[in-house]
Amino acid sequence: MSIDDEAQEPLELRVGPVPEDDPSFRPYRHPAAGWGAARSVTRFLLEERALVDGPRAIMRMNHENGGFDCPGCAWPDDTKGLHLDICENGIKHVTWEMTRKRVDRDFFAAHAVTELAGWSDYDLENQGRLTEPMVYDAASDHYVPISWKDAFELVGATLRGLDSPNRAAYYTSGRLGNEATFLYQLMARELGTNNLPDCSNMCHEASGRALRASLGTGKGTVDLKDWESADALFILGVNAASNAPRMLTALAEADRRGARIVHVNPLVEAAATRTIVPHEFTDMALFRTTRTSTLNLQPRIGGDMALLRGMAKAVLEKSASDPKALDVAFIDRHTAGFEEYRALCEATPWEELERQSGLSRDDILEAARVYGEADRSIVSWCLGLTQHEHGVDTVREIVNLLLLRGNLGREGAGPSPVRGHSNVQGNRTCGIDHRPTDAFLDRLADACGIDPPREHGLDTVRTIRAMREGTVKVFVGMGGNFALAAPDTAATYAALRSCDLTVQVSTKLNRSHVVHGRAALILPCLGRTEKDHQRRGVQSTSVEDSMSMVHLSVGMKRPASPHLLSEPAIVAGMARAALPDSETPWDWYVEDYDRIRDTMAEALEGFEDFNRRVRLPLGFRIKQPARELVFLTPSGRAEFSSAALPDIVPEPGTLALGTMRSHDQWNTTIYSDNDRYRGVKNLRTLVFMNRADMRERGIADMGPVDITSTAKDGSSRFLTGYTAIPYDIPRGCAAGYMPEMNVLCALGDYSTQSDQPIMKHLKVTVVPAAG
């Protein structure tokens, strides 16, 4: 059997809890947030027995003075000193971390790993917090206790025994703070490898590459104050009510001041209708809603690029009679490639734009009218745009549209990617990058006295492939749940099981602990809500939000176990053992995180005077050259992209399927089998379909179906016995939940532009279930 053949074996997951009642579906007609969110939070606090700790945490979360940063999304903290800058999912995330349940040595003695592998992912995480380091004992098929010293020595001895440092890979999830991130990448590079795959490889890699190519910077240029002054907001591929709920406040405020808000998404999500913001107590008391959208457009999956080009075409056509439609002075002074782009737009027929976008010409012109009438526009997007083959080109098309009217480098305008996980952007800023620049490595070498490797390392997809092939033998995961988050679940499982050693640094039990290498360690760490006591007192860590603000986070609770270590301490312990002759002062760094930040100030551009600036109210914003109209591109200007429009129309009989989260879910953590904002109860194994597509295939409402994906190489993957739900989604499109549907995304189905798995654009067939 070949490596590719192995991934084709059927694999189905039971992720959520066992449903208490029969599945049901009723379209959601209520505002986002409001009393629905309040009831959900109250019920969750009761279930977790956190009626005291939960509200106490709420009063400390996202506060600038002595508070901790929400470990959920990366939306910026309120700039006006709001004392309840919180959301439903943030409260759930924090309460889930603060649970009183414990997974101790007695638990592992009672349950073999083979038994745990049969549990659902909900049941695994619901056991509670890990309490001490554990090592897998193959003879008994149990995890057994191990001292921290022996755990570190196992890691160190294994790494020292490799014939090449590139035999190891060091994965990072977005929960890791900046200080631990910096030490982690320093350890990997001092060992001699750039194998630093991370969750960005699966989410916003396309955004970074596109923005870097167009503007010379890999980040958005706007901040929250810009959101507060924009005349028009375009929200593409974002389910804000579930994935960035605090955005609802910004949308409500925008509507009240008369800004236009355009949502672009194959599904009209709850955040694209109306809301009651919970901390606006008068509105809550009066059940008074606020619009969060003035226009909703539903392109076909992957049709966003055609919509954006159509808007640009409309702006250019209008400029023939209205010179003010374009910012000619800005284009002449600050951009390159405009004439080529103009010619491309003129040569693209409206009929083709309609066919590829799935929208009418009138729809596209209406969006263009909103854009053309606004003096200042922001375009924001999330994974709905990036997890496609042409994700880089689509994000570059956003920049093209913004450049036409000079919507860059001024208040209330610019590109604004929405990062879905707290500090995932900070991870990349602080060195988690398998393709580091020479400039970054030069500064790191000077600041830390090491000779870092220059050869590019492995990203997430290539790491999985290398583990399966046996060329990577050690996998270290800092947070996250790699086994479930990665594509092609069968291939990922096989890859992890092929390793000599897997190391998972975690707060709770998850799938990555029961899908492990021949040797395996579970190293439990402090949560963000917990106090981090080190030799020189309680420490703070820093994080970066999705708009480049860096601020401190300080835990408030007693640690779940006296045996937990902080993430910086765990990294330092592994590094000491793996690099016994290292001159890096690992222990000295862990005594006082200010010392780490002082070194970061030397090594990282934009972090100068780090310790003082991060203690300012709300921290500090990393400077973005493109915001100042300084473009670090080959031409020294903002670059128009003239990429060809891809053909994304599904072949007859097939559907384009996109994976997504449910509302009661955070990444791979499942809180329940419900999805309130989509009207689903007690069901996760489902596929949302257009009713006409269902009828054409003989599929009844809530009928059982089988789903088959076809990979680029022609291989197939399967899910059986799913439930089809009729939904307001364009014909030829379908959607369902990750991580269950990650099974359908072949390891080879990644973008040639960004190397991201194309989880938002899988080619599938859906038929009535056999038998």
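In which hand, left or right, does α9 pass α30? I looked this up in a predicted model, where local features need pLDDT of at least 70, side-chain atom pairs count only at pLDDT 80 or more, and totals for chains, interfaces and linings use all residues. I kept in mind that residues are numbered from 1 along each chain as its sequence is written, and that side-chain values use heavy atoms, with hydrogens and water left out.

**Helix pair.** I found that the crossing is left-handed, meaning that the near helix is turned anticlockwise from the far one by less than a right angle. Helix α9 (residues 178-191) and helix α30 (residues 593-603) pack at about 65°, their axes 10 Å apart; the axes are lines fitted to C-alpha atoms over the stretch in contact, and angles run from 0 to 180 degrees between N-to-C directions. Helices here are DSSP runs (H or I, at least four residues) numbered from the N terminus. I noted Asn178, Glu179, Phe182 and Leu183 of α9 in contact with residues of α30 including Tyr593, Ile596 and Arg597, contact being heavy atoms within 4.5 Å.

**Cores.** I then turned to the largest nonpolar core, which has 63 residues, with Phe108, Val687, Met689 and Ile707 making the most contacts inside it. Such a core is a set of buried Ala, Val, Leu, Ile, Met, Phe, Trp, Tyr and Cys residues joined through side-chain atoms within 4.5 Å, and buried means under 20% relative accessible area with a 1.4 Å probe, protein chains only. Apart from this core I found another of 61 residues, Val155 and Trp586 among them.

**Helix α28.** I recorded that 11 of the 12 residues of α28 are buried, including Glu567 and Pro568.

Notes
Buried < 20%, exposed > 50% of the residue type's maximum accessible area, 1.4 Å probe, protein only. Helix = DSSP H or I, 4+ residues; strand = E, 2+ residues; numbered from the N terminus.
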